[in-house]
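Trainee: Can we go through this one together? I'd like to talk about the rings.
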Amino acid sequence: MRLIKNLLTLIVLAIGALWSLQGIGLVGGSFMTGQSQWLYIGILTALVGLGGLVWATRSLP
């Protein structure tokens, strides 16, 4: 179960990073390219993924 949680949170983190890069214009080919709102949405999504990763990997007693 921990593996599934880790994979899902890594996917969310990667999507957030991609959206951020598209928002600042480093990754092209999308309607999101160069739109600053996608930078902020991507940062928020990446933070959610990072928080989920911390939650998924914490050791249980």
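Mentor: First, a definition: buried means under 20% relative accessible area, exposed means over 50%, and partly exposed is in between, with a 1.4 Å probe and protein chains only. Also, this is a predicted model, where local features need pLDDT of at least 70, side-chain atom pairs count only at pLDDT 80 or more, and totals for chains, interfaces and linings use all residues. Residues are numbered from 1 along each chain as its sequence is written, and side-chain values use heavy atoms, leaving out hydrogens and water.

Trainee: Okay. Is Phe 31 buried or exposed?
Mentor: Phe 31 is exposed, because its relative accessible area is 63%.

Trainee: How many aromatic pairs are there in the whole structure?
Mentor: Two. Rings of Phe, Tyr and Trp (its six-membered ring) pair if their centres lie within 6.5 Å; planes under 30 degrees apart are stacked, over 60 edge-to-face, and the rest tilted.

Trainee: Why is the pair of Trp 19 and Trp 38 called edge-to-face?
Mentor: Their planes sit at 70 degrees, so that label applies; the ring centres are 5.5 Å apart. Trp 19 is in helix H1 (residues 2-23) and Trp 38 in helix H2 (residues 36-57), 19 residues apart. Helices (H or I, at least four residues) are DSSP runs, numbered from the N terminus.

Trainee: And which ring does Phe 31 pair with?
Mentor: Trp 38, edge-to-face, at 6.1 Å between centres and 80 degrees between planes.

Trainee: Is Trp 38 buried or exposed?
Mentor: Buried, because its relative accessibility is 16%. Trp 19 is partly exposed at 26%.

Trainee: New topic. Where is Tyr 40?
Mentor: Tyr 40 is in helix H2. Tyr 40 counts as exposed, at 56% relative accessibility.

Terms used
Helix = DSSP H or I, 4+ residues; strand = E, 2+ residues; numbered from the N terminus.
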